[in-house]
Amino acid sequence: MTNDMAMQLKGYGMTTAQILYRMPDHQQFLQTYIWQHYDLAPDFPEMKRFLKFWQEKLDGPLHSVRYVHRRLISASEWRALKGEFIIH
């Protein structure tokens, strides 16, 4: 089983964040950065870790963050099947 599938079965879902930040040399301009990672809602530890890194290490100050989260596998969508199709 892949690491991504194992994370999804543990409850992780895909989180996408649109980060608006001010350019370091021209504070009046906003730039966009898109971040995607598997994360756990509602606490979002991975996104919080990334935003903390951004504030501590990068020059462009954050303006705003908008995000969406979607669990890719839920209990109602995952079921074991017994059977096999053989295609020649």
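1. Apart from its neighbours within four places in sequence, D39 is in contact with Y12, G13, T15, F44, P45, E46, M47 and H69 (contact means heavy atoms within 4.5 Å). The model is a predicted one, in which local features need pLDDT of at least 70 and side-chain atom pairs count only at pLDDT 80 or more, while totals for chains, interfaces and linings use all residues. Residues are numbered from 1 along each chain as its sequence is written, and side-chain values use heavy atoms, with hydrogens and water left out.

2. The chain has two helices and three strands (DSSP runs numbered from the N terminus: helices are H or I of at least four residues, strands are E of at least two). Along the sequence these elements follow the pattern α-β-β-α-β. Of the 88 residues of the chain, 22% count as buried (under 20% relative accessible area, with exposed over 50% and partly exposed in between; 1.4 Å probe, protein chains only). Among contacts between residues at least 6 apart in sequence, 57% join residues at least 24 apart.

3. D39 belongs to strand β2, which spans residues 30-39. Although D39 is buried, it has no salt bridge (a side-chain nitrogen of Lys or Arg within 4 Å of a carboxyl oxygen of Asp or Glu). The nearest side chain of opposite charge is that of R49, 7.0 Å away (Lys and Arg count as positive, Asp and Glu as negative; His and the chain ends are not counted).

4. Which backbone nitrogen does the side chain of D39 reach at 3.1 Å? It is the backbone nitrogen of E46. A polar atom of the D39 side chain also lies 2.9 Å from the backbone nitrogen of M47.

5. The structure holds one salt bridge. R49 forms it with E46, and their closest N and O atoms are 2.9 Å apart. Both residues lie in helix α2, three residues apart, about one turn of the helix. With a relative accessible area of 22%, E46 is partly exposed. In general, side chains of opposite charge can pair when their charged atoms come close.

6. A search of the whole structure finds seven aromatic pairs (rings of Phe, Tyr and Trp, the last by its six-membered ring, with centres within 6.5 Å; planes under 30 degrees apart are stacked, over 60 edge-to-face, and the rest tilted). The ring centres of F50 and F53 are 6.5 Å apart and the planes stand at 35°, so this pair is tilted. F50 and F53 both lie in helix α2 (residues 45-57), three residues apart, about one turn of the helix. F50 counts as buried because its relative accessibility is 17%, whereas F53, at 39%, counts as partly exposed. Ring pairs link F50 and F53 with Y21, Y33, W35 and W54 into a cluster.

7. Y67 lies in strand β3, residues 62-70. Is Y67 buried, partly exposed or exposed? Its relative accessibility is 43%, so Y67 counts as partly exposed. Leaving aside neighbours within four places in sequence, Y67 is in contact with T16, A17, F44 and M47. Y67 and T16 stand 51 residues apart in sequence, yet their C-alpha atoms are 5.5 Å apart in space.

Terms used: A polar contact is a pair of N or O atoms within 3.5 Å; within protein, one must be able to donate a hydrogen and the other to accept it, and residues adjacent in sequence count only if both atoms are side-chain atoms.
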